[in-house]
Amino acid sequence: MSTFNTRCPSCSGVNRVPTERISETPTCGKCKSPLLDGAPIEGTESNFSAILNSKVPVVVDFWAPWCNPCVGFAPVFSDVASERAKSVRFVKIDTESQQNLAAKYQIRSIPTIMVFKDGERVDVINGALPKGQFEQWLNQALTK
């Protein structure tokens with residue numbers, strides 16, 4: 001049985017989740033909060049492929065802590081993640097700590113936002129957007 005680690009959005013505790021349960025609603029072993037709903041998941045090399053292979057569409061924000069547009073876009077990304085918790089999964093990948101993922105997806109500028117369905121990339125956009133424009137782009141990307 002393969003597993004991946006993810007941080008709880010509520011208590012920041014690290015939890016091991018079996019990849020077979022990614023489509024379910026796993027809860028934190030510490031605080032019992034949902035692990036994969038409501039807040040963006042911290043994407044890592046160990047959990048990203050399992051997250052992408054779920055039946056739920058995945059929106060990924062490739063960012064870095066030193067990037068001012070990335071930091072400014074973070075609240076927009078979190079708000080939309082919270083609003084769409086039941087229908088879309090949101091992931092943030094720090095390109096500084098996850099350089100292999102950044103290289104694999106050929107990240108040349110940040111923030112870069114990608115949408116995946118059934119493990120396949122369906123759309124990508126570079127740059128921070130206001131919430132309304134981000135939601136409009138996301139709605140179009142999710143219909144592809």
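Which side chain does Lys131 meet in a salt bridge?

1. The partner is Glu83, with N and O 2.5 Å apart. Please keep in mind that this is a predicted model. Lys131 belongs to helix H4 (residues 131–142) and Glu83 to helix H2 (residues 68–83), so this contact ties together parts that are 48 residues apart in sequence. Both ends are partly exposed: Lys131 has a relative accessible area of 27%, and Glu83 has 49%.

2. In total, the structure holds three salt bridges. Another of them joins Lys92 to Asp61, whose closest N and O atoms are 2.7 Å apart. Here the pairing is between strands: Lys92 sits in S5 (residues 89–94) and Asp61 in S4 (residues 58–63), so parts 31 residues apart in sequence are tied together.

3. Is the Lys92–Asp61 pair buried or exposed? Lys92 is buried, at a relative accessible area of 15%. Asp61 is buried as well, and its value is 0%. The cut-off behind both labels is under 20% relative accessible area.

4. Lys144 and Asp123 also meet through their side chains in a salt bridge, at 2.9 Å from N to O. This pair links distant parts of the chain, 21 residues apart: Lys144 is in the segment after H4, while Asp123 is in strand S7 (residues 120–126).

5. The two ends of that last pair carry opposite labels. Lys144 counts as exposed, at 53% relative accessibility, whereas Asp123 counts as buried, at 15%.

Methods:
Residues numbered from 1 in each chain as written. Predicted model: local features only at pLDDT ≥ 70, side-chain atom pairs only at ≥ 80, totals over all residues. Heavy atoms only, no water. Salt bridge = Lys/Arg side-chain N within 4 Å of Asp/Glu carboxyl O. Helix = DSSP H or I, 4+ residues; strand = E, 2+ residues; numbered from the N terminus. Buried < 20%, exposed > 50% of the residue type's maximum accessible area, 1.4 Å probe, protein only.
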